[in-house]
Structure formats: structure tokens, C-alpha cells
Amino acid sequence: MAISSLSVLVTVFACCCSLVRVSQCGGSNRQNYTSMFSFGDSLTDTGNLLVSSQLSFTTVGRFPYGMTYFHRPTGRCSDGRLVVDFLAQAFGLPLLQPYLSRGEDVRQGVNFAVGGATAMDPPFFEGIGASDKLWTNLSLSVQLDWFEKLKPSLCDSPKSCNEYFSKSLFLVGEIGGNDYNYAFFKGKTLDDAKSYVPTVSSAVIDATERLIMAGAMHLVVPGNLPMGCSSAYLTLHPGRNSSDYDSVGCLKTYNDFTQRHNAMVQQKLQVLRLKYPMARIMYADYYGAAMSFAKNPKKFGFKHGPLKTCCGGGGPYNFNPQASCGVRGSSVCADPSAYANWDGVHLTEAAYRAIADSILHGPYTSPRLL
């Protein structure tokens with residue numbers, strides 16, 4: 001890939017169901033959370049990148065980002081709400097304020113996620129020769145440090161912390177996707193990336209354990225979305241023949257790679273469950289939830305299919321690294337709800353709603369969230 005194409009692609013990556021209130025649902029086993037805390041990257045960030053970034057080409061701060069629900073850019077890498085927003089609303093909580101622009105009242109939750117963030121710290125990328133591709137140094141460990149700094153304002157004794165966190169939900173990711181994206185940006189092969197999976201997945205597990213040790217009792221750890229269905233990868237890493245694609249049109253090798261990462265995360269989560277039996281550690285299958293509408297898009301209202309972007313600059317998938325969403329030369333569709341894919345990397349509000357609904361009410365959380 002040309003360097004000019006890569007720089008624009010990094011910009012896009014880093015930017016990178018009607019839900020009912022749980023309190024209105026029956027069932028004695030359902031937890032009505034009173035606060036929520038989230039960590040991760042651009043799939044979860046509600047504004048931290050926009051506040052922290054010094055880069056003039058941070059397109060997430062421009063229209064049409066935010067056009068659907070907020071009617072203005074908010075720092076979310078979508079046309080509207082994200083999974084974290086739908087989860088908060090389902091539990092009757094306010095939308096989580098970004099840590100870097102938080103108000104005084106944080107007791108109902110804060111979002112620590114940063115677009116472009118990684119599970120690994122910068123030295124890892126120095127080691128593989130990809131540090132020049134990093135969009136931010138605000139990695140998962142930095143986000144955990146922010147939480148530790150905030151904790152005294154939430155509770156001030158072991159007893160009060162135990163009581164407070166017994167009703168708090170922690171969303172640990174999605175995180176790890178950018179670790180692989182930056183490697184691929186640098187020209188690393190799939191075999192190279194496979195060798196990173198144990199290290200990257202361990203970083204996700206270590207973060208989860210750190211939160212448990214800090215008092216977290218209810219944790220949702222999502223897996224990664226199907227990389228092979230990203231129109232950015234489909235455009236920049238096309239297959240050589242039809243056998244490289246599945247029935248949906250996604251790249252098999254990249255989806256297999258995503259499942260390798262997700263499987264290792266699940267294996268390590270099971271070990272963590274045995275170590276901390278009092279904690280409720282849930283795996284959220286973002287991959288499975290996304291593939292459900294990728295395989296049957298019309299059922300979810302995605303009449304333009306799962307792969308073509310709503311906002312882009314042309315090409316077979318409407319993804320052009322020279323004219324990505326928000327950049328001159330791109331255009332936006334009239335109805336984002338008819339698309340699953342927003343900008344080539346991130347999904348539309350409608351797709352995130354479908355994933356959130358699957359997590360809350362469907363079979364894609366283990367053990368079940370509700």
C-alpha cells in the first residue's frame with residue numbers, strides 16, 4: 001500500500017432492537033446497574049480522542065459523524081450511538097461522559113476508551129517496528145491508570161467500594177483490534193500477526209484482572225469484530241480469487257485471524273473465572289453478533305448489504321483511502337440505517353444497536369448479561 005493511502009486509512013481506523021430499560025423487565029436474576037465504566041478504542045470512545053488528539057485531520061470531529069442521533073459530531077466514530085450508549089440507556093443510565101471532558105458528577109459512570117487505543121503499550125510497537133503508525137499513546141494501561149485516579153471520588157473505603165461496585169458494570173473493550181491494524185499498516189504478514197495474538201490477548205485479560213482486583217464484580221469483555229468484513233481490508237487487501245471470500249463476501253483469512261484472537265481471549269477468561277469465582281465475567285461475542293446481520297442483512301433492515309459503506313469516497317465498497325468519510329471527495333448516504341458499515345472500519349448506529357440488542361437479549365453473551 002502507498003504511504004499516502006496508509007496515512008488516511010489510519011485516520012479512519014483510529015477515529016479508530018429497540019432497547020427497554022432493564023428495571024422494567026421481569027426476572028429476579030437481572031441486575032439493574034447503577035453505574036457503568038468502559039474502556040477500549042474507537043468502537044467505544046465517546047469523545048476522548050477528540051479532546052486528546054493534536055492531529056488536524058481528526059475527521060471524527062467533523063460532519064457527517066454524529067448526524068443521526070446527536071445531529072453533530074461528538075467524538076464517536078459513527079453516525080450516532082455506539083454499543084456502550086445502548087447499554088447505558090438500557091440500564092436507565094446517562095450516556096457515559098468521556099474521562100477527559102468529564103463533569104463533577106461521575107458516580108453513574110465514565111468512559112475511558114480512546115479512538116486508536118491499543119491493548120499493548122508503545123514499547124511493543126517499537127519492538128515490531130510499527131511505533132510510527134500509532135495514533136495515540138493512550139493505551140489500555142493508561143485508561144486503567146485513569147480509573148485508579150478516579151476511584152477515590154467514587155468510594156472511600158473497602159466497604160463503600162464493595163457496595164458501589166456490586167452494582168457497577170465494566171465494559172472492557174472491544175480492545176486489541178488496533179494492535180493488529182497497526183502491524184498490518186506496517187506491512188506485517190498474517191503469520192507475523194498470529195505470533196502477536198498470545199501477547200495481545202493476555203493484555204486484555206491482565207486488564208480485566210486488574211479491574212477485578214480494584215473491586216469490579218460485573219465485567220463484559222467483548223471479542224473483536226470480523227476483520228475480513230471491513231470494507232477497508234476488502235479494498236486494500238483484496239483476495240486473489242473467489243475462493244478467498246466466504247458466502248457473505250468477507251475475506252476468510254482475516255476472519256479466521258479474528259476468530260483466533262477471540263478464541264484465545266475466551267480460553268483465558270475461563271482461567272480468570274476459576275481464579276475469581278465471585279466475579280461475574282462475561283464474554284461478548286461481537287463477531288457472532290455482527291456475522292448474524294452480515295449473513296442476513298435484510299432481516300435487520302440493511303438493504304444495501306453489510307459491506308458497502310454509507311460514508312466514503314467511491315469504489316466497489318464505497319471506501320477510498322484518499323477520500324475517507326469526512327474528507328473532501330467523500331459523500332454520505334441519505335439513510336445510514338439502511339447500511340451496517342459506516343466509514344469502512346466502524347459501523348452505523350443501526351448496526352451497533354443490533355449488536356447491543358444481541359448482547360442484552362440474544363445468545364451472544366456468555367454467561368448471559370440479563
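Reply: H5 and H8 are roughly parallel to each other, a label for angles under 35 degrees, with over 145 counting as roughly antiparallel, 65 to 115 as roughly perpendicular and the rest as oblique. Their axes cross at roughly 5° and come within 11 Å. Those axes are lines fitted to C-alpha atoms, for helices over the stretch in contact, and the angles run from 0 to 180 degrees between N-to-C directions. Keep in mind that this is a predicted model, where local features need pLDDT of at least 70 and side-chain atom pairs count only at pLDDT 80 or more, while totals for chains, interfaces and linings use all residues. Residues are numbered from 1 along each chain as its sequence is written, and side-chain values use heavy atoms, leaving out hydrogens and water.

H5 covers residues 140–150 and H8 covers residues 190–213. Helices (H or I, at least four residues) and strands (E, at least two) are DSSP runs, numbered from the N terminus. From H5, Leu 140, Ser 141, Leu 144, Asp 145, Phe 147 and Glu 148 meet Ala 203, Val 204, Ala 207, Arg 210 and Leu 211 of H8. Contact here means heavy atoms within 4.5 Å. Sort the residues of this H5 and H8 contact by kind and you get seven nonpolar, one polar and three charged. For that sorting, Ala, Val, Leu, Ile, Met, Phe, Trp, Tyr, Cys and Pro are nonpolar, Asp, Glu, Lys and Arg are charged, and the others, Gly among them, are polar.

Now stay in H5 and find Gln 143. Gln 143 counts as buried because its relative accessibility is 0%; buried means under 20% relative accessible area, exposed over 50% and partly exposed in between, with a 1.4 Å probe and protein chains only. What does Gln 143 touch, not counting residues up to four places away in sequence? Its contacts are Phe 39, Gly 40, Phe 112, Ala 113, Val 114, Ala 117 and Leu 138.

Elsewhere, H11 (residues 286–295) is largely enclosed by the rest of the structure, because nine of its 10 residues are buried. Among them are Tyr 286, Tyr 287, Met 291 and Phe 293. The buried residues of H11 pack against several elements, including helix H3 (83–90), helix H10 (252–275) and helix H12 (349–361).

Last, the sulfur links. The structure holds four disulfides, each a pair of cysteine sulfur atoms within 2.5 Å. One of them joins Cys 229 and Cys 250, with the sulfur atoms 2.0 Å apart. Its torsion about the S-S bond is about 105°, so this disulfide is right-handed. Cys 229 sits in the loop between E5 and helix H9 (231–236) and Cys 250 in the loop between H9 and H10, so the pair ties together parts 21 residues apart in sequence. Cys 250 is buried at 0% relative accessibility, and Cys 229 counts as buried at 10%.

Cys 310 and Cys 333 form another disulfide, and with -85° about the S-S bond, that link is left-handed. Both Cys 310 and Cys 333 are buried.
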